Amino acid sequence: MEFIKPGTHIDFIGRRKIAYVFSLFMIAATIALLVWRGGPNYGVDFSGGLLIQVKLDQKRTPAEIKTALESLGLQDSVVQEFGEEAELEYLIRVRKMDLDLSGLSEKVQSALEAQFGTPADIRRVEMVGPKVGEDLRQKALFALFYTILIIAIYISGRFELKWLMSGVMAVTLIFIVYVASIFGVSVTWLIILALLVSLGMCWFMNLKYALGAIIALIHDVAITIGAFALTDREISLAIIAAILTIAGYSLNDTIIVFDRIRENLRRFKRRPLGETINTSINETLSRTILTSSTTLVVVVALFILGGGVIHDFAFALLVGIGVGTYSSIFVASPVLLLWEGRARGKTKGAQVQSK
Amino acid sequence: MSKSLSWRSALAGLVLLAALIYLTPSLTSTLPDWWSRVLPDDRIRLGLDLQGGIHLVLEVEVDKAVESHLERTVEELKGDLRKEKLRYQAIERTGLEGIKVVMMRAEDVQTFRDTVGMIYSDFDIKAGGEEDGHPVMLLILHTNARKRIKEMAVDQALETIRNRIDQFGVTEPEIRPQEDHRILVQLPGVSDPKRAIELIGKTALLEFKLVDEDHSLDEALEGNIPPGSEILYESPPATVSPDRRRIPYLLKKRAALTGEYITDARVAIDSQYNEPYVSLSFDTRGARLFEQITGENIKKRLAIVLDNNVYSAPVIQDKIAGGKAQITGRFTMDEAKDLAIVLRAGALPAPVKILEERTVGPSLGMDSIQKGIKSMLIGGLIVILFMAVYYNLSGLIADLALVLNMIFIMAGLSFFGATLTLPGIAGIILTIGMSVDANVLIFERIREESRLGKTPRAAIEAGYGKALVTILDAQVTTLIGALILFQFGTGPVRGFAVTLSIGIVASLFTAIFVTRIIFDLLYVQKRMKKLSI
């Protein structure tokens with residue numbers, strides 16, 4: 001059985017402009033959405049606060065639950081139905097940090113029991129102090145940053161044998177992060193700064209494969225975060241794990257296409273780069289579709305059957321793997337072409353000078 | 001069979017055998033006796049999200065430890081100054097910095113410097129100007145000493161909490177220090193989180209204080225608290241009187257005796273009222289002090305105060321010798337037990353604050369693991385079916401690799417003593433994708449090669465050869481990512497990194513090494529003519 005017949009030749013590179021517009025639009029929309037919402041919707045893991053998952057005996061509306069919590073001064077908290085309808089589970093989120101959060105879950109339980117007259121089963125409590133939330137956010141961001149850094153080094157070294165340059169890049173980045181942290185730059189900006197610097201360095205040191213891979217990776221992660229903002233989902237620690245999976249998956253996909261491009265570049269030395277890229281994407285297309293669809297099958301199973309706790313996690317993987325497949329074809333590989341234009345521009349300039 | 005093939009099959013067989021051995025304890029509930037004697041019997045540990053339990057991050061309020069160290073030093077200093085006949089007007093702690101002493105006479109300053117400087121080597125002694133014509137001396141605590149006190153407070157708190165939890169009876173608790181004077185406590189499977197948290201967080205500073213009977217309680221309640229006395233309350237346990245009427249007491253501030261002399265505390269039942277109470281034993285020094293206090297204060301009331309909460313204030317009937325005391329307070333059995341535990345394990349050197357608390361009810365953990373495994377099985381089955389349809393016999397070989405991969409991950413988890421969490425299950429699902437990907441890469445290459453007209457044997461050879469580099473590149477980058485996650489990640493992120501790392505290594509082994517053995521067996525050994533791919 002075959003999905004993609006051998007000899008299939010779809011002109012992906014020819015359509016890269018449309019893809020650029022699409023990708024830029026998605027990323028711009030993500031940024032706009034984040035700015036409008038005032039940053040990512042961090043869950044209690046990162047913002048601090050209290051989350052209580054409670055199972056009741058009867059169906060109640062969030063408003064009824066809020067009324068029950070009024071006596072505790074929690075009427076401003078967010079109450080949400082959770083999981084499937086028949087499960088009668090609710091999430092109560094408390095953001096107020098002026099309250100003493102420890103021991104609050106018992107108070108919530110007794111308040112609910114007093115109001116409804118039936119037992120309330122506290123299924124899960126997550127209480128994170130503001131300081132810890134900040135720490136967890138920093139750690140997660142640093143993990144993300146180091147992953148990208150080391151992967152950039154590996155790709156440059158492995159694909160272009162520029163171990164020295166990737167070493168220089170690593171040292172520079174670590175230095176920048178060090179200096180910036182001395183001046184007390186917040187971690188979010190630190191990471192954004194480091195990413196911009198690494199993109200710039202990849203560009204000027206001609207580390208095109210690394211640049212392609214990193215751009216695709218940022219693209220995928222950004223759009224996934226955008227999808228979270230759009231559907232108003234919370235970013236928790238587990239979601240960070242999902243986002244890192246997406247980063248891994250995105251790279252996996254990109255590297256497989258890159259590997260084929262490199263192989264074909266050696267085989268067809270005289271062909272234009274664009275054509276070689278096209279051939280390579282087409283040759284690996286069968287694999288790309290097959291792997292993505294099998295992985296997606298598993299993730300869809302997780303999304304539908306995995307239960308409420310893992311629902312958002314599966315959603316992140318679903319979006320990320322979809323976008324990751326698209327980006328390895330339409331984003332990562334066309335980036336390699338940027339140099340072709342630049343190199344031609346340079347030779348033109350040289351010709352003008354020699355005249 | 002060729003030499004290389006039999007060697008490779010033997011290795012694969014050995015790895016599988018080892019994996020099965022490591023996996024068996026997790027699959028059966030009862031192991032035969034001989035197993036534990038010869039073979040590993042570690043089970044896969046389930047994370048709190050899967051089996052329920054409590055995760056706490058506590059902060060030891062180390063500044064309080066410094067404060068109480070200074071307070072104690074003030075008391076000692078008073079005694080020493082009296083002994084040396086150095087008269088002082090006032091001694092007090094100044095914040096967390098040190099101690100301020102206002103001397104009576106200027107001529108004592110030099111003697112003060114000499115004697116005090118020798119005894120209190122942790123302090124720098126400085127002149128602090130004058131106050132109403134009296135010289136002021138400052139004792140400034142060394143930075144190193146301050147640091148040492150803080151570190152000791154954390155170490156001691158860790159030890160105390162560990163003791164308390166051991167006595168509470170939790171299997172496999174995890175209690176670890178973290179940076180910033182924090183302590184991580186994980187208690188799997190604890191069903192009554194409230195009780196556990198209360199037990200851990202109790203400072204358990206036990207004090208015996210005399211009731212101030214020279215002054216009127218009513219007047220003190222109106223705000224006229226005599227110096228050297230304080231008002232503390234007795235809160236009856238909620239289980240006994242739900243309205244929680246708090247009874248005030250006017251007590252001498254100075255503790256006559258503290259809990260540091262306790263050697264044992266246990267629960268006993270009052271035969272008359274059938275009520276549990278806690279009986280205490282003191283060491284020799286404590287016993288002597290207790291005898292002295294009770295002897296000097298017959299017919300007066302002595303309050304038993306734990307963490308500034310009065311438990312009872314019985315009237316001393318007679319001198320109590322023998323070093324035994326009782327705390328009564330209309331306890332339930334559990335309350336009495338927990339009180340005995342904290343008294344036995346000793347006081348926390350400083351109060352602890354809960355920074356992070358995650359409690360997962362056991363029922364939710366059960367649900368999560370069932371759903372996680374169910375979705376994993378269904379997803380996995382679809383993939384297995386799909387591969388068999390798409391690649392025929394070769395697809396079945398890949399399926400075998402996939403199943404082996406699962407076995408290796410599970411065995412790897414118990415081998416490394418790693419914890420399986422919900423994101424860990426997600427990591428396994430991703431590994432399914434990666435493992436399938438490796439085989440897809442190989443199979444697509446084999447198809448390409450055989451389209452070029454190569455024999456099955458040559459196509460397999462070339463397919464594996466060319467795909468290998470790609471697979472390594474792709475999976476090694478993911479492995480790097482997973483390892484970094486493991487290094488920097490916390491909680492669920494870490495659980496995910498563990499399964500992913502083990503999974504990638506396992507998938508490299510199964511998808512490249514094991515499937516090749518089968519291909520070689522079929523197309524080299526058995527000389528099958530037609531590739532089923």
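Across the interface of chain B and chain A, 19 residue pairs are in polar contact, both residues at pLDDT 80 or more. A polar contact is a pair of N or O atoms within 3.5 Å; within protein, one must be able to donate a hydrogen and the other to accept it, and sequence neighbours count only if both atoms are side-chain atoms. This is a predicted model: local features need pLDDT of at least 70, side-chain atom pairs count only at pLDDT 80 or more, and totals for chains, interfaces and linings use all residues. Residues are numbered from 1 along each chain as its sequence is written.

The interface also holds eight salt bridges (a side-chain nitrogen of Lys or Arg within 4 Å of a carboxyl oxygen of Asp or Glu). In one, A:Arg287 meets B:Asp437, with the closest N and O atoms 2.6 Å apart.

Contact (heavy atoms within 4.5 Å) links 63 residues of chain B with 60 residues of chain A. The two chains bury about 5,800 Å² between them, 65% of it on carbon and sulfur atoms. Buried area is the accessible area (1.4 Å probe) lost on putting two parts together, summed over both. B:Arg358, B:Tyr390 and B:Asp473 supply 11% of the area that chain B buries against chain A.

The side of chain B that touches chain A divides as follows.

| Class | Members of the class | Residues on the chain B side |
|---|---|---|
| Nonpolar | Ala, Val, Leu, Ile, Met, Phe, Trp, Tyr, Cys, Pro | 32 residues |
| Polar | the others, Gly among them | 13 residues |

Technical notes: Chains lettered and ligands numbered in written order. Heavy atoms only, no water.
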